[in-house]
Amino acid sequence: MKSSVITFPGSNCDRDMDVALKKFGFKNKMVWHADAELPKSDLVVLPGGFSYGDYLRCGSMASKSKIMQSVINFANSGGMVMGICNGFQILVETGLVPGVLLRNKYLEFICKNVFVKINNKQNKYFKSVNNEVLEFHIAHNEGNYFCTQDQLKEIEDNNQIAINYCDENGKIEDQFNPNGSIKNIAGIFNKEKNVLGMMPHPERMIDTSLSGEDGSLFFKNLIKNLK
Amino acid sequence: MIVNEQVAVDHGLKKDEYAKICKLLKRTPNITELGIFSAMWNEHCSYKSSRLHLKKLPTKGKKVIQGPGENAGVIDIEDNDAIVFKIESHNHPSFIEPYQGAATGVGGIMRDVFTMGARPIANLNSIHFGSPQHKKTKNLLRGVVHGIGGYGNCMGVPTIAGQTSFDSSYNGNILVNAMTLGLVKKNKIFYSKAAGLNKPVIYVGSKTGRDGIHGASMASASFDEKIEEKKPTVQVGDPFTEKLLLEACLELMAGDSIIAIQDMGAAGLTSSSIEMASKGKLGIEINLNKVPCREAKMTPYEIMLSESQERMLIVLENGKEEQAKKIFDKWNLDFAVIGKTTKSKKIELYFDEEKVADIPVNTLVENSPMYDRKWKKTKLPKKNKIKKEDIKYLKIIDVLKKILANPNICSKEWIWQQYDHTVMGDTIQKPGGDAGVVRVHGTDKAVAASVDSSAVYCWAHPLTGGKQVVCESFRNLVSVGAKPIAITNCLNFGSPENEENMGEFVECVQGIGEASEYLKFPVVSGNVSFYNQTKDEGIKPTPTIGGVGLIKDYKNMITMDFKEVDNLVLVIGKTEGHIDQSLFSRTILDEKNGPPPEVNLF
């Protein structure tokens, strides 16, 4: 399986993603934001970080980079595109997924482990993951997902919510919401479910010595589903 | 502007120092030259009150590749890997403007590390505030924590450990000490010593603005009620540009075109160009019209003294300019050939085709003032006799609750959760333990680091306190299973012109020296911050020690949490019942005097 990770000026989880993808069998290429063409890929990843220093609005300038036109075309033709953290912020700025990401409710950067419940497994990202709940890791300042009531209805009608913040037993309540996201949303799909944007970093959960191993589960499953 | 004694005094120079400048130059300096002297001769850059004493610290060891004197210290961690590390203070700016002060402190120390060719792999910090009840504390704490996070998180370097304390002696002078560790191949370490004649001198990074002019001089003076007016001397940080600068520099460093490289930190272009020339025993010629400026009509004086952040000075091999420029263009950074190395052993500056400064380098460096300040020895205080009736009515559980709730003891999770501590995917021991631990990427090795200080002990008896901090650092590294290798120190004190404060400095340094000598735990880098005082009131002496150790196989790392029910709990070492200067004695019995616990190195 071939994957591509885009490096924007200010990306800082690009290497971590490269390490994770390779660990689970992807042949990964790093792609520079100013390039026009995407290499042939089965998966494109927009990594975490602070593209363009988060100046103007998180993800806004990166969404206009040269490479992004190819990424958008790739996604619109059904290609798998995953945006993590800042990558998710870039995705909402392109309009590939609906909604926006506001500043965290308590106005602080948060770095910690969280639990998320998988809401929809009818897609290549989560199909045949045995667990209902995964322990993931977040590190962000602007992860407070917001959208209009109409958009929310559409998102729910199309079953576009990917994961919600919850407790270890999968209970989705306000107290387990780290950033104030509407409906505890931690990640969403586009309508077709080939594009996924999420705040948690699975690439930081690929080793028992690190924060945990549920990221390994995610990547192992992902490459299996893509084959 | 005409330069005279009063202008020199306004620049923070003493009258006799001004006389010395005139004598060395055999003429009156012009204003640009005076600015350069004041920047190089202030306490922050010249170490004029501390040099004499710092010489006594042990700085050598089998694992030491580079000791003090470079941008940072370097130690050997085997297999051609080395760790570059240093701690630095940003106290004065952080008190004036907490967010930017703390942010640029973090930015500055990271630059010191990647200037040497190392990719930063971990940040630590030691921050000290006034009493939690003091009206300024809350804002300062919030600003500093946001500033540290704002810069470090954006750079994508994990903040793996730290220390936060509160004491009313910091009410008018907070402390912000930032430490960075970087990883480099032993054969790819870069130094700041210029070499070769007519080599191009290159300016890269951000443009030069009017921010931070005289920042280093500000950091060499005490505060008074007009402190708010000093806000423009605080630098403004741009972590995004620094991230680009990091990547661009490391890309250029992969090749062989760099002869010397130096970051523009305190005193900006002045200290960086002079340090490179001085170490290389060369001269340097700069055309200031070539320096990329952010604002129009900047004068030579302003260009030389600006402390705009995220800038580097590089001496390149001839003919490598185009190749280097391509890299900086790719990262959208300024790149300008601004001068060349010369054999004159002078710093010669040109602006609008006129020579605006002409100073022999040695007058700025070797001939800078060095003082043997008067200092007072601190006697070991007498032990307090605790009377039975004082403790008779205390319930252990109540005491324990009070102590655990003390701001200096309670969990700081709410602080370190605001720092990205897991980016780079190698943090195997998070903040909250004895030391932070990161793996050496792609190997079985891991590096442990800890920052420690104990101002109360140092205040009660500086010699014992100095020893104690080094020992504590040593123990913290051992506690996670690491073999301690070396330390960096950040020496935060009051005014060196006050005999008591100077005495605290001298004796703390002596204590640090004795302990690090005995433990074979040498000092490889560091910084001194004097004048941490408002009016005549100095802080408690606060030397901060940053210790680094190696774990050969990270699977052998030890964590502090209790693992299972029924495990035995052991205490190693003798519990002597020393109670003076303990948190119990100070907060429960309200007894502030007495000696700190004795340190037995043997």
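**Figure 1. The contact between chain B and chain A.** In this predicted model, 23 residues of chain B are in contact with 23 residues of chain A, where two residues count as in contact if their C-beta atoms, placed from the backbone, lie within 7 Å. The elements that give two or more residues to this side of chain B are α8 (137-155), α10 (239-253) and β14 (427-429) of chain B; helices (H or I, at least four residues) and strands (E, at least two) are DSSP runs, numbered from the N terminus. By class, the side of chain B that touches chain A has 11 nonpolar, 10 polar and two charged residues, with Ala, Val, Leu, Ile, Met, Phe, Trp, Tyr, Cys and Pro counted as nonpolar, Asp, Glu, Lys and Arg as charged, and the others, Gly among them, as polar. Residues are numbered from 1 along each chain as its sequence is written, and chains are lettered from A and ligands numbered from 1 in the order in which they are written. Because the model is predicted, local features need pLDDT of at least 70 and side-chain atom pairs count only at pLDDT 80 or more, whereas totals for chains, interfaces and linings use all residues.

**Figure 2. Helix α7 of chain B against α8(B).** Two packed helices are described by the angle between their axes and the distance between the axes. For α7 (residues 98-114) of chain B and α8(B), the angle is about 35° and the axes are 7 Å apart; axes are lines fitted to C-alpha atoms, for helices over the stretch in contact, and angles run from 0 to 180 degrees between N-to-C directions. Residues of α7(B) including B:Tyr99, B:Val106 and B:Met110 meet residues of α8(B), among them B:Leu140, B:Val144 and B:Tyr151. This contact has 11 nonpolar, nine polar and no charged residues.

**Figure 3. Helix α7 of chain B against α10(B).** Here the helices pack at an angle of about 5°, with their axes 11 Å apart. That makes α7(B) roughly parallel to α10(B), a description used for angles under 35 degrees, while those over 145 count as roughly antiparallel, 65 to 115 as roughly perpendicular and the rest as oblique. On the α7(B) side stand B:Gly107, B:Met110, B:Arg111 and B:Phe114, which meet B:Pro239, B:Glu242, B:Leu246, B:Cys249 and B:Leu250 in α10(B). The residues of this contact divide into six nonpolar, one polar and two charged.

**Figure 4. An open sheet of seven strands in chain B.** The strand order is β8-β10-β7-β11-β9-β12-β13, with mixed pairing; two strands pair if DSSP finds at least two bridges between them. At the edges are β8 (258-263) and β13 (354-360) of chain B, each of which pairs on one side only. Strand β7 (residues 200-205) of chain B pairs with β11 (residues 334-342) of chain B in the antiparallel sense over six bridges, and B:Gly205 stands opposite B:Asp334 in β11(B). Helix α13 (residues 321-330) of chain B lies across β7, β10 (311-316) and β11 of chain B, running at about 145° to β11(B).

**Figure 5. An open sheet of nine strands in chain A.** Its order is β2-β1-β3-β4-β11-β10-β9-β6-β7, again with mixed pairing. The edge strands β2 (27-32) and β7 (133-140) of chain A each have a single partner strand, so one side of each is left without a neighbour in the sheet. Four bridges join β4 (residues 80-84) of chain A to β11 (residues 195-198) of chain A, and these two strands run parallel. A:Val81 stands opposite A:Val195 in β11(A).
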